[in-house]
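Dear colleague,

Please find below the structure that I am handing over to you. My notes on the interfaces follow it.

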Amino acid sequence: MSKIILNDVCKSWGKIEALNNINFECENGELLVLLGPSGCGKSTTLRLIAGLETLTSGTVEIGDRDVSNLPPVKRNISMVFQNYALFPHLNVGENILFGLKARKVPKNEQKKRLENAATLLGLADFIDRKPAQLSGGQRQRIALGRAIVAQVSVCLMDEPLSNLDAKLRQEMRQEIRSLQQRLKMTMIYVTHDQVEAMTIADKIILMKEGCIEQHGTPEDLYDRPATAFTGSFIGNPPMNILTPDDLILDGLPSFPTPLAGSTIRYLLGIRPENIEISGESGIEGLVVAIEYLGADTLIVCRSGEQLITLTVKGKTGVSVGDHLRLNWKPEHIHLFNGEDGRRIEGLAGGLIS
Amino acid sequence: MKLLEIGIGKTAETLGAWMLGLLWLLPVVFAFWSAFHPAEYSTNFELFAPLTTDNFVRAWSYAPFPRYLLNTFILVTLILAAQFVLCTLAAYGFARFEFFGKNVIFALVLLQLMIMPEILLVENYRTISKMGLLDTIPAIGLPYMASAFGIFLLRQSFKTIPKELVEAAQVEGVSAVGILWKVYVPLSRSTYIAYGLVSVSYHWNNFLWPLVITSSVNSRPLTVGLAIFGAPESGVDWSIITAATVMTMAPLLLAFILFQRQFVQSFMHSGIK
C-alpha cells in the first residue's frame, strides 16, 4: 500500500556529492530509521522522499507509484520537522488543522479529526493556546498532531526529538512508536542518536558520507556489523576497533594468529561488554579512566598505543593506574578488512577454533 | 573608579537625551501655547492668560481644513496600501526565489535608497504631467509607491522566517502565493506595523513634492494647505497659524501617544531603530 522504494538515488549540489546510489525499500507499516553522523546524507534522503529536494538521478516510489517528479503535496505524505515548524501566530488547533484547511477538508471533518488527535496526544486542554505558551514536549505533540490529522499512511520524521531533554526524549519516542503501530503508519525516521534508532526501529539504515553502510534490523547491526564503522557507531559505549599488534596477539593465548601468512591487514572488533577481566592470562592493560554509570562501570585501559574500553556490572574495586589482564571469547570477535573496513565473514570463527 | 566612570557616562547620556527632548518639545509647546490663547499672548508669556478655542474655530473656517485633512488621509492610505502590495511582492521575490540577475536587480533597488526624491522633482513632474495626472492625489503618491526602503525591510524580515515553516506549508500543498499570505505576511506583522508608521508619518508630513504637483483645494494635503494659509501674503496671525498646525499634527501626535508602547516594540522586533 505505502511501500517506499528508492532506486539508484543520487543527489549532488554542483560538484559536491551528497548521496551516492542509494537503494532501499521500506515495507508497508514499517518504521525505518535513517541513522548516521551529521553530514552523512540522512536528512537529504528524507527530503528527497518528501519532495523538498529534487533528485539528481534515480527514482522514488511511494505505494507503487513513481513520485520522483511530483511536488510534496501529491506524494501523500506527512512530515514532522526538527524544530516542529509550528506557526507562532496560530493556536494549537489552527496549527494542527493547517494542512487540512489548505487541502479544503470539510469543516465538520476537520473538527472530528482535531478532536481525535487532540485526545490521542493529550492536547485537548491546550487547543486555544499559542505554541509559545507550551513546553517542548507539548510542541512536539502538536507537530505529531499535524501528521496524524492528515491521515496519510506515510510519515517522515526529521530528527523530531533532538530539541527535547533526555527524559522527555525517551517518553516521546515510546509515544511515537506506539502511535506508529496503532495507526499502522509507514514511517521513515531520521536521527543521529543510535539509542533512539535501536529502541524504535523495525529496520535501521546506517549511512556514512552519502552511502549506505548497512541496512538491517537493530539486532543485525549490533550482532553482525557489516563494517568497522557500523561497529563503532552502534552500541553504547561503542565497539573497540583494534589493530592487532604483538601486545594484543601475545596476550591472548586462546587467539591463534589468524590469517597467519596472509598479507591483508585486518582490524579486530570487540564490544566492551564482552571483555572480561581475568586474573592470570590476557592482554595487559593499564587503567587510565573509570566512569561509574550506576548499573555499569566503564573502564578505559591502555595497551601499548591503543585504548580498550570495557564495561563491568556495578561498582568495581579497580582504580586508575591499576594493571589489568583482559580476555575475551573467540565468538565475540569481529574481524574487519583493514583496507575498506568490511566485515570478514566466517574468518573469525573458522580460524580461531 | 570604574563604577564612577559608568555613572558619569550614564548621567551625560541622560542629560543629552533630556536636552534633545526639550529642544524637540519647544516648538510643540509654543504651538500649543499660542493656539489656545488670544493673539496678544502668542509672543509673550503670562501663566494665567485666558484660554480660548477661538483660534481653532477661525482657522477651521478661514481655510478648507476639513478638505485638506480628507486629502491627506486619502493620500497616506493610498500610498500605504500600494506600498504594502508592491513591496510585499517584490520582497517575496527577492527573499525566496532564485532568478537570473537577482543580485544586480536588488542592488539597483538599494541604489534607489541613496537618491533623494527631491533631485527627481522636475523629472517626476514631467512624467506625471505626461500621464495627465497633474493636481490629483494619486500624483502625489505615485513616486513613492515602489518604496526601496519597504522592499529592503520586508526582504530582511522575510529572510528570517525559518525555512521549515515554508516547507511544512509546502508539504501541505500550500501554493507560492498561499505561503506568502499564510506564512510570510503574518510572521512579519511587526515589520509591517513599523514600516507603516514610518510611511504614514513621512507622507503625512511630506511637503515639497505635494506643493509642486498640486494646485487646487481638491488635491492639496494638510501640509501644503497649512503653508499657503501661513504664507506672509495672507498676513501673519501666529495664533491662527499655530492652531492650524496643532490640528495638522494632532492626529499623528495622538496616535503616537496612545500607541507609544506598541510602536517602540514593533520597531525593536523589526530591527529598525
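A polar contact is a pair of N or O atoms within 3.5 Å; within protein, one atom must be able to donate a hydrogen and the other to accept it, and residues adjacent in sequence count only if both atoms are side-chain atoms. By that rule, six residue pairs are in polar contact across the interface of chain B and chain A (both at pLDDT 80 or more).

The model is predicted: local features need pLDDT of at least 70 and side-chain atom pairs count only at pLDDT 80 or more, while totals for chains, interfaces and linings use all residues. Residues are numbered from 1 along each chain as its sequence is written, chains are lettered from A and ligands numbered from 1 in the order in which they are written, and side-chain values use heavy atoms, with hydrogens and water left out.

**Chain B against chain A**

Chain B brings 15 residues to the contact and chain A brings 21 residues (contact means heavy atoms within 4.5 Å). The two chains bury about 1,500 Å² between them, 66% of it on carbon and sulfur atoms; buried area is the accessible area (1.4 Å probe) that two parts lose on being put together, summed over both. Of the area that chain B buries against chain A, 44% comes from B:Glu164, B:Val171 and B:Glu172, more than from any other three residues.

Two salt bridges are found across this interface (a side-chain nitrogen of Lys or Arg within 4 Å of a carboxyl oxygen of Asp or Glu). In a salt bridge, the side chain of B:Glu167 meets that of A:Arg47 at 2.6 Å, N to O. On the chain B side, α8 (163-171) and α9 (176-187) each supply at least two residues, and α8(B) gives the most, with eight residues. Helices here are DSSP runs (H or I, at least four residues), numbered from the N terminus.

**Domains of chain B**

The domain assignment, which is automatic or from a database, gives domain 1 (2-56) and domain 2 (66-271) in chain B. Their centres, taken over C-alpha atoms, are separated by 30 Å. Domain 1 of chain B contributes 13 residues to the contact and domain 2 of chain B contributes nine residues.

The area buried between these domains is about 890 Å², of which carbon and sulfur atoms give 81%. In domain 1, B:Phe32, B:Asn55 and B:Phe56 lose the most area to domain 2, together 44% of what that side buries. Zero salt bridges are found across the domain interface, and two residue pairs are in polar contact there (both at pLDDT 80 or more).

Yours sincerely
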